[in-house]
Amino acid sequence: MTNTASLPPAIAIMGPTASGKTAAALAIAQAIPAEIISVDSALVYRGMDIGTAKPTAGELAAVPHHLIDIIDPLDAYSVAQFRNDTLRLVSEITARGKLPLLVGGTMLYFKGLADGLDDLPGADAALRVQLEADAAAIGWPAMHARLAQLDPPTAARLAPNDAQRVGRALEIIALSGQPMSALLARREKTVLPFRLQSFALEPSDRAVLHARIAARFDAMLKDDALLDEVDGLRRRGDLHPGLPSMRCVGYRQAWDYLDGRIDRAALRETGIIATRQLAKRQLTWLRSMPERIVIDCLGKDTAGQMLAQIQALLK
């Protein structure tokens with residue numbers, strides 16, 4: 001068994017959207033020489049700044065950041081790519097004598113990093129076509145309900161309209177005859193080449209987090225900043241709403257508005273609701289991670305609380 005105490009340290013700062021992860025990480029990096037690895041499936045895309053609440057140019061300049069603005073919105077970025085990139089980056093950052101801070105809310109990335117990659121069946125084009133046809137007939141919420149009957153744990157962590165992941169989960173069941181949750185549970189846990197201590201910024205009052213989410217979405221809509229950004233992406237001509245990038249929260253709602261399918265009030269309402277649902281799923285993931293240290297993201301000096309524990313860990 002590996003003696004983890006002898007491994008170099010790395011810190012994970014997890015939490016739902018609008019919990020203050022970026023601000024806390026920047027504050028910690030002012031006290032401890034560190035570099036930030038983004039653990040966010042939306043921040044990887046170039047040209048998507050407003051709707052992803054991407055760190056500002058000043059914040060990016062203050063502390064070295066990684067895995068931000070690395071691919072075009074037309075492309076995809078997998079958990080496997082994230083894991084490989086992160087293992088390399090942690091090694092490089094450690095070699096520079098700095099502390100790696102893994103910061104973000106894409107829990108699937110954190111899980112893939114900690115648990116290793118799965119050995120699930122590959123994609124089946126014919127089956128995908130059939131599942132897409134079924135979804136066209138009955139809708140993705142009904143497909144999600146089907147998944148809930150076959151694989152309740154997986155369905156519980158997926159949004160009813162998450163076509164990509166719901167479809168993949170149903171595909172795995174059809175190909176393997178087993179639910180994805182069961183296959184993942186049997187996977188051998190990997191041993192990371194570093195000692196990862198995870199902190200989770202979680203709200204003591206969910207209503208306050210919801211208010212933060214609404215305020216942040218309103219800020220994105222101010223002066224049509226988000227709409228202008230999405231309009232620019234649409235005008236490229238090669239992007240469409242089915243891409244993973246355009247399914248990001250805020251972007252798909254803005255696309256619907258620009259298509260004339262919803263009005264301004266519905267844009268705001270659906271955008272805030274979708275963000276709240278995302279936060280709920282993130283918190284569900286976090287509760288399944290028993291080794292995390294929970295910090296109230298609504299409390300005083302969250303960065304200071306983490307910093308004190310990090311410095312103790314580094315001694």
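Analyst: The discussion below concerns a predicted model and takes up helices, strands and cores in that order.

User: How is the packing of helix 5 and helix 6 described?

Analyst: Two packed helices are characterised by the angle between their axes and by the distance separating those axes. Here, helix 5 (residues 125-138) packs on helix 6 (residues 140-150) at about 115°, and the axes are 7 Å apart.

User: Which residues meet in helix 5 and helix 6?

Analyst: Helix 5 contributes Leu 131, Glu 132, Asp 134, Ala 135 and Ile 138, which meet Trp 140, Ala 142, Met 143 and Arg 146 of helix 6. Six residues of this contact are nonpolar and three are charged, with no polar ones.

User: Why is strand 5 described as largely enclosed?

Analyst: Six of the eight residues in strand 5 (residues 195-202) are buried, so the rest of the structure largely encloses this strand. Strand 5 runs parallel to strand 1, joined by six bridges, and Met 14 stands opposite Ala 200. Strand 5 also pairs with strand 6 (residues 293-296), again in the parallel sense, over four bridges; there Phe 199 faces Ile 293.

User: Which residues touch the most other members of the largest nonpolar core?

Analyst: They are Met 14, Leu 102, Phe 110, Leu 226 and Tyr 251, in a core of 45 residues. Helix 13 gives the most to this core, namely five residues. Beyond its sequence neighbours within four places, Tyr 251 is in contact with residues including Met 48, Ile 50, Leu 226, Val 230 and Leu 233.

Conventions. Residues numbered from 1 in each chain as written. Predicted model: local features only at pLDDT ≥ 70, side-chain atom pairs only at ≥ 80, totals over all residues. Heavy atoms only, no water. Axes fitted to C-alpha atoms, helices over the stretch in contact; angles between N-to-C directions. Helix = DSSP H or I, 4+ residues; strand = E, 2+ residues; numbered from the N terminus. Contact = heavy atoms within 4.5 Å. Nonpolar A, V, L, I, M, F, W, Y, C, P; charged D, E, K, R; others polar. Core = buried A, V, L, I, M, F, W, Y, C linked by side-chain atoms within 4.5 Å. Buried < 20%, exposed > 50% of the residue type's maximum accessible area, 1.4 Å probe, protein only. Pairing = 2+ DSSP bridges.
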